[in-house]
Amino acid sequence: MSISESDVLNIAHLARLEIETTDIPKYAQDLSSILELVEQMQTQNTDQIVPMAHPLNATQRLREDNVTEPNQRDLAMAIAPAAEAGLYLVPKVIEEQDA
Amino acid sequence: MEWEVVIGLEVHAQLATQSKIFSGAATAYGAEPNTQACMIDLGLPGVLPVLNKDVVRMATKFGLSVGAKVSQRSVFARKNYFYPDLPKGYQISQYELPIVEGGQLEIQLDENTSKVIGITRAHLEEDAGKSLHEDFHGMTGIDLNRAGTPLLEIVSEPDMRSAKEAVAYLKALHSLVRYLGICDGNMQEGSFRCDANVSIRPKGQKEFGTRTETKNVNSFRFVERAINYEVDRQIDLLESGGKVMQETRLYDANKNQTRTMRSKEEANDYRYFPDPDLLPLEISSEYIEEVRKELPELPHEKRQRFQQQYALNAYDASVLVSSLDMADYFEAVVNTVGSGNKAAKLVANWVMGDLSAALNKDLLDISESPVKASQLAGLIKRIVDNTISGKIAKIIFETLWQEGGDTDSIIEKQGLKQITDTGAIEKIIDEVIASNPQQLEQYRSGKDKLFGFFVGQTMQATKGKANPQQVNELLKKKLDG
């Protein structure tokens with residue numbers, strides 16, 4: 001399976017990455033070769049193998065349901081690019097609507 | 001053409017924990033913006049999520065209560081999308097291996113019909129924050145207090161065939177999570193939200209039509225309206241030669257319509273993968289059995305018990321157990337009134353009748369009732385021991401509702417005690433008969449219907465206080481004699 005140039009643009013858009021047009025063929029090639037590696041692995045029979053969810057052979061530890069985090073809003077707001085009235089400010093996002 | 005409606009619901013139930021699903025920040029509703037959003041919720045670099053013990057227990061409880069398989073191994077995955085109220089750029093959810101798989105819930109449609117709705121899965125995930133679109137110099141304000149709040153997303157099978165069935169399912173589910181104590185069910189505060197997947201197909205066709213998903217419908221009434229709107233829209237589209245697009249739509253309660261929110265093709269490309277920050281969740285069968293023992297009496301079990309213990313019919317019992325608060329209220333009244341099954345039926349009638357009507361009229365929940373269980377019990381006691389008639393009881397109930405107080409002092413103050421002294425009633429009846437000679441003659445010449453007239457006159461003369469059975473008996477004797 002190979003990645004087309006429009007696939008590259010779509011992936012870049014989904015990841016919100018700005019890429020140079022001139023780099024697209026190289027990305028397409030790089031991504032395609034990753035998929036080729038996957039294809040090569042897929043030739044192995046894995047019927048009896050449970051998919052790995054994590055490289056460590058361990059399971060999730062749990063914490064008690066207690067409130068342990070104090071309010072640190074002022075600290076966090078101090079490093080935010082924009083904040084007002086206790087809110088973080090971000091550029092407006094408008095959903096596309098047909099209404 | 002005759003169309004069949006196919007509905008599946010996705011419900012987000014906020015789990016009733018003190019702290020977030022992956023952090024120790026508080027989940028209390030209504031706090032000052034961003035005061036309950038810690039470094040983990042903000043998605044700062046270097047932080048690690050740690051799973052809250054109680055969400056696992058709550059999800060397990062839910063799974064057991066709907067007869068589902070509680071997975072002994074489930075995996076958290078990242079659902080990737082960009083939106084400002086999602087600071088990490090992904091939502092931690094469960095995808096391929098959810099904690100609860102398969103299950104079912106029985107819904108009561110009316111007195112004689114019930115239906116079983118399949119539950120596909122239920123998985124744990126974190127909630128996003130909230131965007132405030134008021135103008136902050138052309139920018140959007142973000143409150144991340146809700147980010148990281150634990151949710152159980154409960155996905156139904158496409159088993160519902162009308163908006164009415166969808167509402168019945170939603171109510172049954174709402175009641176269940178309240179019984180289990182895993183969600184406060186507050187729809188106004190967003191603790192229990194619903195997305196509706198709706199499609200239509202020609203009756204008899206096996207394949208599903210293209211569906212739309214209507215987001216965040218936050219009341220039972222709106223769910224019904226939103227689905228009906230969407231069904232009509234899709235029928236109009238197909239009948240005029242158009243096509244239904246698979247898309248996410250938003251319900252606008254003010255306009256009572258749904259509108260396109262985003263087209264699913266792009267937005268749905270979430271690129272799920274197992275979250276490397278979280279290990280697989282494993283729970284033992286011993287743990288599952290331990291949680292099973294903690295399960296409270298469930299709605300269907302309570303219904304059976306009410307039928308047996310209080311000799312109620314199936315319908316009365318199912319209405320009473322439909323909310324835990326109502327069931328508790330009913331039992332509190334019955335226990336105070338005592339004196340057996342006849343009283344239980346009377347209590348059921350009052351709770352489902354006058355009390356529910358008054359609550360509906362004032363848009364109150366039974367937990368907010370101005371007439372408390374002890375007050376209603378005081379009233380019903382006096383009906384049972386014949387101190388007052390049912391008719392007078394309604395007047396006293398009105399007083400209790402408006403002004404509070406207790407039945408005995410209202411009876412005392414307003415002189416409402418039932419007249420059960422045969423001599424006194426006879427005297428009044430004699431007067432009534434004496435002052436209506438014409439009606440008496442007509443009655444005696446065969447106009448039986450006039451019996452009601454005499455009952456009415458007698459009750460009026462006693463201001464409704466005469467014991468109705470005695471009035472009937474004595475009147476019969478006198479009129480016929």
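The loop between strand 2 and strand 3 of chain A holds A:A85, whose phi is positive, near 50°, although the residue is not glycine. With a relative accessibility of 61%, A:A85 counts as exposed (buried means under 20% relative accessible area, exposed over 50%, partly exposed in between, with a 1.4 Å probe and protein chains only). Helices (H or I, at least four residues) and strands (E, at least two) are DSSP runs, numbered from the N terminus.

This is a predicted model, in which local features need pLDDT of at least 70 and side-chain atom pairs count only at pLDDT 80 or more, while totals for chains, interfaces and linings use all residues. Residues are numbered from 1 along each chain as its sequence is written, chains are lettered from A and ligands numbered from 1 in the order in which they are written, and side-chain values use heavy atoms, leaving out hydrogens and water.

- Four strands form an open sheet in the order 2(A)-3(A)-11(B)-10(B), with antiparallel pairing (two strands pair if DSSP finds at least two bridges between them).
- Its edge strands, each pairing on one side only, are strand 2 (83–84) of chain A and strand 10 (130–136) of chain B.
- Strand 3 (residues 87–91) of chain A meets strand 11 (residues 139–143) of chain B in the antiparallel sense, over four bridges.
- B:I142 in strand 11 of chain B stands opposite A:Y88, and B:I142 is also the bridge partner of B:S131.
- Strands 10 and 11 of chain B form a hairpin with two residues between them, and B:H137 in the turn has a positive phi of about 50°.

**Helices of chain A**

- Helix 1 (residues 5–14) of chain A has A:V8, A:A12 and A:L14 as its buried residues.
- Seen down the axis of helix 1 of chain A, these fall within an arc of 160°, so they line one face of the helix (the arc is that of the directions from the helix axis to the C-beta atoms).
- After helix 1 of chain A comes A:R16, with a positive phi near 50°.
- A:M41 lies in helix 2 (residues 24–42) of chain A and counts as exposed at 51% relative accessibility.

**Elsewhere in chain B**

- B:N34 sits in the loop between strand 1 (3–14) and helix 1 (39–42) of chain B.
- B:N34 is not a glycine, yet has a positive phi of about 65°.
- B:N34 is buried, with a relative accessible area of 0%.
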